[in-house]
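Please keep the sequence and the 3D view at hand while reading.

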Amino acid sequence: MPSLEHAAADPQFMARALELARKGIYSTHPNPRVGCVIVADGKIVGEGWHARAGEPHAEVHALRQAGAKARGATAYVTLEPCSHHGRTPPCAEALVDAGVARVVAAMQDPNPQVAGRGLLRLMQAGITVQSGVLEAEARALNAGFIKRMEKGLPFVRVKLAMSLDGRTAMASGESQWITGPAARAAVQRLRAQASVVLTGADTVLADAARLTVRPDELGLNAELTALAMTRPPLRVLVDGRLRVPLSTPFYQAGAALVATCAAASARDRFLEEGHTLLAIPGSNGHVDLRKLLTELASQGANEVLVEAGPRLAGAFARLGLVDEYQLFVAAKFLGSSARPLLDMPLARMAEATPLKITEMRAVGDDWRIIAVPDTAR
């Protein structure tokens, strides 16, 4: 059991480790975001965070900064130290070799093949171990990585922009711009932190959408902007019948993955243009979205941002595949003939999807509402 002094200080130092971990929000995929703080005699002597896959983990950076001061110190880590050899050596061994006396982890590694092994290695070396400090915050930071490890699916976030009367575009399809610059910058940051930005043929054809991350609109400091641009999200187009011509701006903006039910004979044509064609079984020309998400998870996708029209966004909602909705609401009415938020016809109130609003705040002249499915109702 930790001393009362330790128990009082643990949340404070773990909060700092989480703050460091958040620096990797745009760049660590497919790895989790991890931060580490080394504390000796009540003072921080080393800090580190994981920036990119293949580079040193948070513990290594913190131990390098702490040097000899790590011996007998406490290490605070937002995720259980790894115990296996991957592209980098195991961090559990680094902590043992450094001579730390105590390790506090926010949570265990969610990978069922390794969960608990890092902590066990530390205990076998005589290090005092504690887990579960600020665990809820740590899980929220890596919700996508955790879901991929536990369920074989990525975390799905659906972004929607609408007017006060719940409309997303005029009847003609005109939709630029419903929201203002601050909201659009927030969307750019959502794209940057996603493993995958996914859209549908209707959106690409109607809006000439590129779905790229634009560094000048991120509103981040130079360090985070540079990190974000070193790992742009994979752009995925759901186009069951291959309706979108290769000459559209979406394809001209860079390599993309196309999920389709169409014949694989078109694959070479897409490869020649630098794109990947992924054949996903479906019905009536509609891609099986769950199978698509499973495939994306197998390729290391932790988070999928869906930016699509009412039909595709509605399909994700109807199938229960959405983990979080981010709605940007503009202070304007588009009228009764404008297009709805989701194509999700319901006949009875009992069919309505219960949601729980977790956050609501102003973003420039607009509002952002974050809502999640309310499984308790």
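## A helix and a sheet

In this predicted model, helix H12 spans residues 289-298, and its residues Leu289, Leu292, Leu293, Leu296 and Ala297 are buried. These five residues cover an arc of only 135° around the axis, which means that they lie on the same side of H12. At the start of this helix, a side-chain oxygen of Asp288 comes to within 3.1 Å of the backbone nitrogen of Arg290, while just after H12 the residue Gly300 adopts a positive phi of about 95°.

The model also holds an open sheet, in which five strands follow one another in the order S2-S1-S3-S4-S5 with mixed pairing. Because strand S2 and strand S5 stand at the edges and each has a single partner strand, one side of each is left without a neighbour in the sheet. On average, and with direction ignored, neighbouring strands of this sheet are turned by 15° against each other.

| Strand | Residues |
|---|---|
| S2 | residues 43-49 |
| S3 | residues 74-77 |
| S4 | residues 102-105 |
| S5 | residues 128-131 |

In general, the strands of a sheet pair through backbone hydrogen bonds, and this pairing is either parallel or antiparallel. In which sense do strand S3 and strand S4 pair? Their pairing is parallel and runs over four bridges, and Ala75 has Val103 in S4 as its bridge partner. Helix H4, made of residues 117-124, lies across S4 and S5 and runs at about 155° to S5.

Note on methods: Residues numbered from 1 in each chain as written. Predicted model: local features only at pLDDT ≥ 70, side-chain atom pairs only at ≥ 80, totals over all residues. Heavy atoms only, no water. Pairing = 2+ DSSP bridges. Helix = DSSP H or I, 4+ residues; strand = E, 2+ residues; numbered from the N terminus. Axes fitted to C-alpha atoms, helices over the stretch in contact; angles between N-to-C directions. Contact = heavy atoms within 4.5 Å. Buried < 20%, exposed > 50% of the residue type's maximum accessible area, 1.4 Å probe, protein only. Arc of directions from axis to C-beta. Polar contact = N/O pair within 3.5 Å; in protein donor to acceptor, adjacent residues only side chain to side chain.
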